[in-house]
Amino acid sequence: MPSTPAHDAAVFIGRLQPLHQGHLALLARALESAPSVVVVIGSAFQARSAKNPFTWEERATLVRAAFPDADRQGRLRFVPVRDYYNEARWVAAVRQGVSAQAGPDARIALVGHFKDSSSSYLRRFPGWTLIDLERHTATDATALRDAYFGAEAATLPAVLQDLGQQMPACSVDFLRQFVQQPAYAALQEEWQQAHTGL
């Protein structure tokens, strides 16, 4: 990070369902850009589903676990934001949450990358400096969830090993432990119904 940073805080917005290497690259760039990073966690208050399987607190814990103590203790802050299905309300909620964490007059950098049309929200924050990065990996959270919930007991160890190439170790450890929770079986059944039509 430069000795005199151009920004007071960097913002990263994501659902992180689950945290993968592409997210980590964006978060690392955010940490390079400002002394503090505000991680806006989307779909924060949804009930667990195959699309949104993990709580915002679980996702925040994974982000903290992926970085050294110096970053997780003093530099990472979290803003959970619900889905409004009204872009103006959602943008206002993000701005309010970031302002509460970074200060109302903070110079903000927004770190992201334009994956597809769903990334258009990155242009909805005038006054923030957009740092648009190239895609770091081909990893896609939807494909990771499909592999995870589509696994059978016999194939799960190999699936988790493969996911380890696309996710930080803390995410794989979390997924391995989450299999033991009753929620996993329910989410897996939901995923199977959606993908088999049964």
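This is a predicted model: local features need pLDDT of at least 70, side-chain atom pairs count only at pLDDT 80 or more; totals for chains, interfaces and linings use all residues.
User: How many helices and strands?

Analyst: There are 8 helices and 5 strands. These are DSSP runs numbered from the N terminus, helices being H or I with at least four residues and strands E with at least two. The order along the sequence is β-α-β-α-α-β-α-β-β-α-α-α-α.

User: What share of the residues is buried?

Analyst: Buried residues are 46% of the 198. Buried means under 20% relative accessible area, exposed over 50%, and partly exposed in between, with a 1.4 Å probe and protein chains only. On contacts (heavy atoms within 4.5 Å): of those with a separation of 6 or more, 69% join residues 24 or more positions apart.

User: OK, helix packing. At what angle do α5 and α6 pack?

Analyst: Helix α5 (residues 141-150) and helix α6 (residues 156-163) pack at about 160°, with axes 9 Å apart. Axes are lines fitted to C-alpha atoms, for helices over the stretch in contact, and angles run from 0 to 180 degrees between N-to-C directions. The pair is therefore roughly antiparallel. The cut-offs are under 35 degrees for roughly parallel, over 145 for roughly antiparallel, 65 to 115 for roughly perpendicular, and oblique for the rest.

User: Which residues make the contact?

Analyst: Leu144, Ala147 and Tyr148 of α5 meet Leu156, Val159, Leu160 and Leu163 of α6. By class that is 7 nonpolar, no polar and no charged. Ala, Val, Leu, Ile, Met, Phe, Trp, Tyr, Cys and Pro count as nonpolar, Asp, Glu, Lys and Arg as charged, and the others, Gly among them, as polar.

User: And what is the angle between α2 and α7?

Analyst: About 140° between α2 (residues 56-65) and α7 (residues 169-178), with axes 9 Å apart. That makes α2 oblique to α7. Glu58, Leu62 and Ala65 of α2 are in contact with Cys170, Ser171, Phe174 and Phe178 of α7. This contact has 5 nonpolar, 1 polar and 1 charged residues.

User: What else do the buried residues of α2 pack against?

Analyst: Besides α7, they pack against α1 (21-33), β2 (36-41) and β3 (76-80). The buried residues are Trp56, Glu58, Arg59, Ala60, Leu62 and Val63.

User: Switching topic: is threonine 139 buried or exposed?

Analyst: Threonine 139 is buried, at 10% relative accessible area. It lies in the loop between β5 (129-132) and α5. Apart from neighbours within four places in sequence, threonine 139 contacts His20, Leu144 and Gln166.

User: Where is glutamine 101, and what does it touch?

Analyst: Glutamine 101 is in helix α4 (residues 87-102) and, at 29% relative accessibility, counts as partly exposed. Not counting residues up to four places away, glutamine 101 touches Val38, Arg77, Phe78 and Val79.

Notes
Residues are numbered from 1 along each chain as its sequence is written. Side-chain values use heavy atoms; hydrogens and water are left out.
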